[in-house]
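Student: I've just been handed a structure I have never seen before. Could you walk me through it?

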Amino acid sequence: MDSIILRDYRSGDLDGLERLFYDTVHTVNAADYSPEQLNAWAPGPIDRARWDRTLREHFTRIAEHAGQIVGFGDLAADGYLDRLYVHPNFQRCGVATAICGALEAHARLLGVPAVTTHASITARPFFERRGYHVVREQQVERAGVTLINFVMERTL
């Protein structure tokens, strides 16, 4: 997509990221997870202090289009891709590809041998197209609800 700008995270972005996270999980992932699972995954208010701290500690890229945040992703120093979310109206427009490419390029600069992530059922095909492979399927518990995701890895 033209006119997507990637930039560094700022603490002032948190309100927009919180809305984007909730809306994306409850819209995009609804085909693969039950309403109970979606509510456990994204119940509403996030732990803002923890999110702000980890987004500042990690290499975090914000994607903007016409001044609106349309996606974000973050990578820890050990090569763990923690979050990658794209606004429901900007799916399949190259936003996730741009963010993920920037995160992977940063991982190469850090010298980590591989990028790992815990991909949802919904995100698994995206990561497979980027050369990630499934290490294992896992069941994770959130608020007493079990969700399935996949530990995935891409060698750099």
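Tutor: Happy to. Keep in mind that this is a predicted model. Ask away.

Student: How many helices and strands does the protein have, and what pattern do they follow along the sequence?

Tutor: Counting the secondary structure gives 5 helices and 7 strands. Read along the sequence, these elements come in the order β-α-α-α-β-β-β-α-β-α-β-β.

Student: How compact is the protein for its length?

Tutor: The C-alpha trace spans about 40 × 35 × 30 Å along its principal axes. For 156 residues the globule rule gives 15 Å, and the radius of gyration of the protein is close to that, so the protein is as compact as a globular protein of that length. The radius of gyration itself is 15 Å.

Student: What share of the residues is buried?

Tutor: A residue counts as buried when its relative accessible area is under 20%. Of the 156 residues, the buried share is 47%.

Student: Among contacts between residues at least 6 apart in sequence, what percentage joins residues at least 24 apart?

Tutor: Here we look at pairs in contact and ask how far apart they sit in the sequence. The share that joins residues at least 24 apart is 65%.

Student: Which residues of helix α3 are buried?

Tutor: Helix α3 covers residues 48–57. Its buried residues have cover that includes α1 (14–28), β2 (59–65), β3 (68–75) and β4. The buried ones are Trp 51, Asp 52, Thr 54 and Leu 55.

Student: Let's zoom in on one of those. Is Leu 55 buried or exposed, and at what relative accessibility?

Tutor: Leu 55 has its place in helix α3. Leaving out residues up to four places away in sequence, Leu 55 touches Tyr 9, Leu 14, Leu 17, Thr 60, Asp 74 and Arg 83. Leu 14 is 41 residues from Leu 55 in sequence, and their C-alpha atoms are 9.3 Å apart. Leu 55 counts as buried because its relative accessibility is 1%.

Student: Now for Gly 71: buried or exposed, and with what relative accessible area?

Tutor: Gly 71 is found in strand β3. Beyond its neighbours within four places in sequence, Gly 71 has contacts that include Leu 20, Ile 62, Tyr 85 and Val 95. Val 95 is 24 residues along the chain from Gly 71, with 6.7 Å between the C-alpha atoms. Gly 71 is buried, and its relative accessible area is 0%.

Student: And which way does His 87 go, buried or exposed?

Tutor: His 87 is found in the loop between β4 and α4 (95–110). Not counting residues up to four places away in sequence, it touches Leu 20, Thr 24, Gln 68 and Val 70. The C-alpha atoms of His 87 and Val 70 are 5.0 Å apart, though 17 residues separate the two along the chain. Since its relative accessibility is 15%, below the 20% cut-off, His 87 counts as buried.

Student: Where is Ala 143 found?

Tutor: Ala 143 also has a positive phi, of about 50 degrees, although it is not a glycine. At 72% relative accessibility, Ala 143 counts as exposed. Its place is the loop between β6 (133–142) and β7 (145–155).

Student: What is the volume of the largest pocket, and which residues are closest to its centre?

Tutor: The volume of the largest pocket is about 1,200 Å³. Its lining has 45 residues, and the closest to the centre are Trp 41, Leu 84, Tyr 85, Ser 120 and Ala 123.

Student: Which element gives the largest share of that lining?

Tutor: By type, the lining residues divide into 26 nonpolar, 11 polar and 8 charged. By element, the largest share is 7 residues, and these come from strand β4 (residues 80–86).

Definitions and conventions:
Residues are numbered from 1 along each chain as its sequence is written. This is a predicted model: local features need pLDDT of at least 70, side-chain atom pairs count only at pLDDT 80 or more; totals for chains, interfaces and linings use all residues. Side-chain values use heavy atoms; hydrogens and water are left out. On a 1 Å grid over the protein atoms alone, a cavity is a set of points where a 1.4 Å probe fits but cannot get out, and a pocket is an open set with protein on both sides within 12 Å along at least five of seven lines; lining residues have an atom within 4 Å of a point. Grid points are joined across faces, edges and corners, and a volume is the space filled by probe spheres set on the points. Helices (H or I, at least four residues) and strands (E, at least two) are DSSP runs, numbered from the N terminus. Ala, Val, Leu, Ile, Met, Phe, Trp, Tyr, Cys and Pro count as nonpolar, Asp, Glu, Lys and Arg as charged, and the others, Gly among them, as polar. Buried means under 20% relative accessible area, exposed over 50%, partly exposed in between (1.4 Å probe, protein chains only). Contact means heavy atoms within 4.5 Å. The radius of gyration is taken over C-alpha atoms; the globule rule is 2.2 Å times the number of residues to the power 0.38.
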